[in-house]
Amino acid sequence: MRLATLLLAARSPQKEPVPFKERLPLKLKSRVSGRGMNTTEVFCIHEMSVLFACLKTNEFSQKLCSNEIENFQKCYSSSLTMREGRKEKEAKGILIPGEKKLSHKQVNTLLRQFPQFV
Amino acid sequence: MASLKCIRNKIQSAFILYSNANACKLTVPHKMMSQYPSYYISPIYNKDIQSAMTKAGETQKLAHIPTRAALIDQTCSLTHDPEVSLMINYIMKDGNKILARSLMEKTFENIKRIQIQKYHKCETEEDRAAIILNPRIIFHEAVDNCKPLMYLTPIKRGGVKYQVPVPISDKRAQFLSMKWLITAAKEKDSTVRFAYQLALELIDAANNTGRVVKKKQDLHKQCEANRAYAHYRWS
């Protein structure tokens with residue numbers, strides 16, 4: 001009696017081929033979430049290394065490296081202004097032509113323009 | 001009956017006061033110190049800049065933009081200098097501006113005396129021409145010479161803190177330069193006055209020598225030693 005109940009309760013081994021069940025719709029949504037967005041761009045590394053080389057050769061006197069210093073500071077200020085402008089545009093989701101790295105809002109605007117039809 | 005009325009009036013007036021106070025609280029943004037909204041622009045009090053703007057025709061743009069009132073020390077006086085007044089504020093302790101201002105004036109006097117002494121000791125005309133007698137020019141030169149190009153900031157990567165060289169904003173460079181000058185002037189014998197020591201430090205820094213310039217160069221050397229970590233920064 002006990003053996004019979006056990007046999008009834010036990011699951012039979014799966015038969016090949018396993019039938020496929022569609023749990024979620026098999027298509028991508030036409031939007032992305034903004035999680036995991038960390039931009040780690042480092043500006044002016046090249047200018048900084050050039051400046052370091054110049055300073056080391058001239059025993060850290062700034063007069064002889066005025067050109068390199070100017071380049072470095074110009075690079076820093078321009079990168080600051082560029083980053084600010086880009087941040088504003090990314091926050092609003094405005095597309096910048098020629099931009100390769102898009103923010104999630106920009107991707108969403110792009111996907112809204114060209115949604116997926118299945 | 002009369003006393004009852006009086007009490008009621010008092011309560012009413014108190015309520016009105018309370019509600020008025022609440023209304024005040026609503027208008028003042030409590031997070032910020034300033035009462036001005038963010039769209040108020042700061043005033044242009046320098047007459048040279050004003051005349052340059054009228055020539056360029058930019059004054060009409062600003063005519064209808066709400067502007068903040070000028071601060072008490074922002075004047076169009078010939079002796080006014082924003083960098084000097086900033087230095088006075090950095091010297092100031094416990095809000096004692098009168099003392100800070102007098103110290104700065106004394107410093108300028110000392111610079112003038114030292115430079116004139118040097119001037120009269122010189123034998124040739126060429127040497128005399130090389131000496132700067134204007135203390136304000138010396139001050140600006142000194143502050144410019146002590147400004148660092150970059151600084152070190154600790155950044156944690158993989159549980160280890162690295163000292164990473166990062167570029168510095170102009171405002172922070174100016175602050176560090178002035179702070180170093182002041183701390184250098186404070187490291188002195190008890191018999192020497194602060195104003196005299198600051199004058200010596202400023203003259204040294206204007207000639208690109210002295211302790212503060214060395215401190216700046218030491219910082220640059222440290223940055224150079226840590227240049228391998230430069231790509232760790234996030235900006």
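Tutor: Start with A:Phe60, in the loop between H2 and helix H3 (66–92) of chain A. Helices (H or I, at least four residues) and strands (E, at least two) are DSSP runs, numbered from the N terminus. This is a predicted model: local features need pLDDT of at least 70, side-chain atom pairs count only at pLDDT 80 or more, and totals for chains, interfaces and linings use all residues. Residues are numbered from 1 along each chain as its sequence is written, with chains lettered from A and ligands numbered from 1 in the order in which they are written.

Student: Why is A:Phe60 called partly exposed?

Tutor: A residue is buried if 20 or more other C-beta atoms (placed from the backbone) lie within 10 Å of its own, exposed if 12 or fewer, and partly exposed in between. A:Phe60 has 19 within 10 Å, so it is partly exposed.

Student: What is noted about the phi of A:Phe60?

Tutor: Phi of A:Phe60 is positive, about 60°, although the residue is not a glycine. Most residues other than glycine have a negative phi, and most peptide bonds are trans.

Student: Where is B:Asp94, and what makes it count as exposed or buried?

Tutor: B:Asp94 sits in the loop between H4 and H5 of chain B. It has 6 C-beta neighbours inside 10 Å, so it counts as exposed. Its phi is also positive, near 55°, and it is a residue other than glycine.

Student: Which peptide bond is cis?

Tutor: The bond joining A:Glu16 and A:Pro17 is cis, with omega about -10°. A:Pro17 lies in the loop between helix H1 (2–9) and helix H2 (45–57) of chain A.

Student: How do you know that E1(B) and E2(B) pair?

Tutor: Two strands pair if DSSP finds at least two bridges between them. Here 8 bridges join strand E1 (residues 150–157) to strand E2 (residues 160–167) of chain B, so they pair, and they run antiparallel. B:Thr153 stands opposite B:Val164 in E2(B). The two strands form a hairpin with 2 residues between them. In the turn, B:Gly158 has a positive phi of about 65°.

Student: What makes a group of residues a nonpolar core?

Tutor: A nonpolar core is a set of buried Ala, Val, Leu, Ile, Met, Phe, Trp, Tyr and Cys residues joined through C-beta atoms within 7 Å. The largest one has 24 residues, and B:Cys146 and B:Leu181 are among those with the most contacts inside it. H9(B) gives the most to this core, with 6 residues. Apart from it lies another core, of 14 residues, among them A:Phe52 and A:Tyr76.

Student: Which residues is B:Cys146 in contact with, leaving aside its neighbours within four places in sequence?

Tutor: They include B:Ser177, B:Leu181, B:Ala205 and B:Lys216. Two residues are in contact if their C-beta atoms, placed from the backbone, lie within 7 Å.

Student: Why is B:Gln197 called partly exposed?

Tutor: B:Gln197 has 18 other C-beta atoms within 10 Å, so it is partly exposed. It lies in helix H9 of chain B. Its C-alpha atom is 9.2 Å from that of B:Asn110, 87 residues apart along the chain.

Student: How many residues make the contact of chain B with chain A?

Tutor: Chain B gives 12 residues and chain A gives 14 residues. Helix H10 (residues 211–225) of chain B supplies the largest share of the chain B side, 4 residues.
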